[in-house]
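The following exercises concern local features of a single protein chain. Each task is followed by a solution in steps.

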Amino acid sequence: MAELESLETAAEHERILREIESTDTACIGPTLRSVYDGEEHGRFMEKLEARIRNHDREIEKMCNFHYQGFVDSITELLKVRGEAQKLKNQVTDTNRKLQNEGKELLIAMEELKQCRLQQRNISATVDKLTLCLPVLEMYSKLREQMKSKRHYPALKTLEHLEHTYLPQVSHYRFCKIMVDNIPKLREEIKEVSMSDLKDFLESIRKHSDKIGETAMKQAQQQRNLDNIVSQHPRISGGKKSKKEVCATSDLEVKNTSPMSEQDSGILDVEDEDEDEEVPGAQDLVDFSPVYRCLHIYSVLGARETFENYYRKQRRKQARLVLQPPSNMHETLDGYRKYFNQIVGFFVVEDHILHTTQGLVNRAYIDELWEMALSKTIAALRTHSSYCSDPSLVLDLKNLIVLFADTLQGYGFPVNQLFDMLLEIQDQYSETLLKKWSGVFRNILDSDNYSPIPVTNEEVYKKIVGQFPFHDAELEKQPFPKKFPFSEFVPKVYNQIKEFIYACLKFSEDLHLSSTEVDDMIRKSTNLLLTRTLSNCLQNVIKRKNVGLTELVQIIINTTHLEKSCKFLEEFITNITNVLPETVHTTKLYGTTTFKDARHAAEEEIYTNLNQKIDQFLQLADYDWMAMEPSSKASDYLVDLIGFLRSTFAVFTHLPGDVDVHSTMSGKVAQTACMSACKHLSTSLMQLLLEAEVRQLTLGALQQFNLDVEECER
């Protein structure tokens, strides 16, 4: 049993020794712990020492075996040391030589290093400049654009500079300066563009007259072209338009109407001008400042500010344009310049409306036009009321029509202008009446109140052509012969026709119907007859120096003029194409006018006769105390009866239409005779009944009786 344990212990110690020999020193702890944990510590130590002695013997054996080799190695090593010293000396010498030779290389290398550094710096600088140069170029371009007043491109350049280029080099100091200057540059561009806009507004204010004149020329050319087209037989067809009727009437008036000769022709366009191209508003005015300023303010986000400023300034200009000069009514050029400025203003606004988006709108234009229309109409009412020349009023009407047509072509409503022209028409009629009043006065004052003598057929036909007169008996009479009326009859008749032509000319281009034109002409003609001509005739009849012969001739003349009224009716019907049977057609009152004049002349005859009788009676010198009568009638009475005989001879020897004038003169003579006899008898009775006659003799009564008997004979 003890032997068995001893064997196991020996085996265990052998194993531990093997572990110690084969195990790493760091891991030997657990193995040694197992030795000390056991009870055979001494025996293990013995075994360990025995093992150490074995290893020492083996080492000694190995050393003995290799000793000679060791000695040889030492000997060789000593030899190597000598050679190594030589080699060291050579290396040292070589190193010294190398150091000496390498100094130049080091210097070159240092220089190369510096060059490389500079190269890197240059490359970095080029890269930075590559970023900075576009910024500087853009800034230079910006300055150049501002210097050349290309403000909108300058603003675009500024936008690119701010948002594209500057952010790439924002850390540089000069870029910060640029960034700080950008608001100032924007403000500078804003101010300069606003200055350009102010210059533009001042320019169009000065040029609005020329712009308006050009626009009105274009409208006139278009209207002339329309008239030519409308008058072309292939286009017009069978039914005439209002313009054609007016044109036809103009041809009729051409050779006879003084108004047509006096017409200023403000709307006439020279033949050479018709072929000339009339420039438009955009050709006369450079609108680019407005567009640039609008774009600039839009980009700057201040479009509303710009719109408000533009509209405010144009409103101020509109008020200035609409203020008429104080002497505008004196000449047509005053009205023309006034209209040209208004047309020019609205042509510019219309162009701005159609070439910009929202700078002005239709509501703004309509508001301005309403203001302009009211002020223009008020100014025309005021100034036209000062005008007393019908030719100027007619030219003004033509100018207003062209003004209205021009603006209507641009889309502005002009109905109120045509309504106002109807008011001016009444004023025109008044000026015509004043003018024709002078014409009639001159005709009546220059007339000789004698029948017109004719010596040949040519003169006879000329007068018959001027006045609608037909007398078969007179035509049969040989030359020389006389018309029953004096010269004022055909002259007055022709002047009435001239007046009708003048009224017709005003109605042209007023867009009136034929019925309205006819009514206007008839009303004006009635005023001419019942007021103007009637007053002139009454003044002639009431003149102090008018003779009985003249009064009789006036009666004859007014009779013929009364008969010509139906021809005046036909004349008006022909030029207006409105039949007299049409409902509401105004009738001419010429018959009444001439009848009143004739009755006034007759009354004047009776009054003059009575005055002459009174003058003769003032010569009566009765001796109421005479004892015996004279053998004959009183001298004053004989002279009075002789005067009455010669006077009534005028009535009985009137030339012309025997049937008409003998009846007329006989009636006047009878009435005049009855009036004279009645007045004479009354006056003679008054002589007897005068308060101064206190007593009478028989002789005086017999003498008075002789005078009465003379009157009866």
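**Exercise 1.** Does Tyr297 count as buried or exposed, and at what relative accessibility?

*Solution.* The model is predicted. The threshold for a buried residue is under 20% relative accessible area. Tyr297 has 5% relative accessibility and therefore counts as buried.

**Exercise 2.** Determine how many aromatic pairs the whole structure holds, and classify the pair of Tyr297 and Phe306.

*Solution.* Step three: Phe306 has a relative accessible area of 0% and is buried. A second pair, Trp369 with Phe412, is likewise tilted, with 5.3 Å from centre to centre and 45° between the planes. Step four: Trp369 belongs to helix α14 (residues 362–384), while Phe412 lies in the loop between α15 (390–409) and α16 (415–446). The two residues are 43 apart, and their pair links distant parts of the chain. Both Trp369 and Phe412 are buried.

**Exercise 3.** Describe the surroundings of Phe479 in terms of ring pairs, charge and peptide geometry.

*Solution.* Step one: ring pairs join Phe479 into a cluster with Tyr460, Phe467, Phe469, Phe483, Phe485 and Tyr493. Step two: the charged end of Lys481 sits over the ring of Phe479, at 4.4 Å from its centre. Step three: the peptide bond from Phe479 to Pro480 is cis, with omega near -5°. Pro480 itself is in the loop between α18 (472–476) and β2 (481–482). A charge over a ring also occurs elsewhere: Arg311 lies over the face of Tyr364, 5.3 Å from the ring centre.

**Exercise 4.** Asp509 and Asn577 each have a positive phi. Where does each lie, and is each buried or exposed?

*Solution.* Step one: phi is about 65° for Asp509, which is not a glycine. Asp509 is placed in the loop between α19 (488–507) and α20 (514–541). With a relative accessible area of 18%, Asp509 is buried. Step two: phi is about 60° for Asn577, again not a glycine. Asn577 occupies the loop between α22 (565–576) and α23 (590–617). Its relative accessible area of 53% makes Asn577 exposed.

**Exercise 5.** Which residues form a nonpolar patch on the surface, and how does Leu77 count by accessibility?

*Solution.* Step one: the patch comprises Tyr67, Phe70, Ile74, Leu77, Leu78 and Val80, and together they have about 620 Å² of accessible area. Step two: Leu77 is located in helix α3 (residues 41–147). Step three: exposed means over 50% relative accessible area. Leu77, at 55%, therefore counts as exposed.

Conventions: Residues are numbered from 1 along each chain as its sequence is written. This is a predicted model: local features need pLDDT of at least 70, side-chain atom pairs count only at pLDDT 80 or more; totals for chains, interfaces and linings use all residues. Side-chain values use heavy atoms; hydrogens and water are left out. Patches are made of residues with over 30% relative accessible area and no salt bridge: like charges are joined within 9 Å, nonpolar side chains (Val, Leu, Ile, Met, Phe, Trp, Tyr) within 5 Å. Accessible areas come from the Shrake-Rupley method with a 1.4 Å probe; for residues, only the protein chains shown count as cover. A salt bridge is a side-chain nitrogen of Lys or Arg within 4 Å of a carboxyl oxygen of Asp or Glu. Helices (H or I, at least four residues) and strands (E, at least two) are DSSP runs, numbered from the N terminus. Buried means under 20% relative accessible area, exposed over 50%, partly exposed in between (1.4 Å probe, protein chains only). Rings of Phe, Tyr and Trp (its six-membered ring) pair if their centres lie within 6.5 Å; planes under 30 degrees apart count as stacked, over 60 as edge-to-face and the rest as tilted. A charge sits over a ring if NZ of Lys or CZ of Arg is within 6 Å of the ring centre and within 35 degrees of the ring normal.
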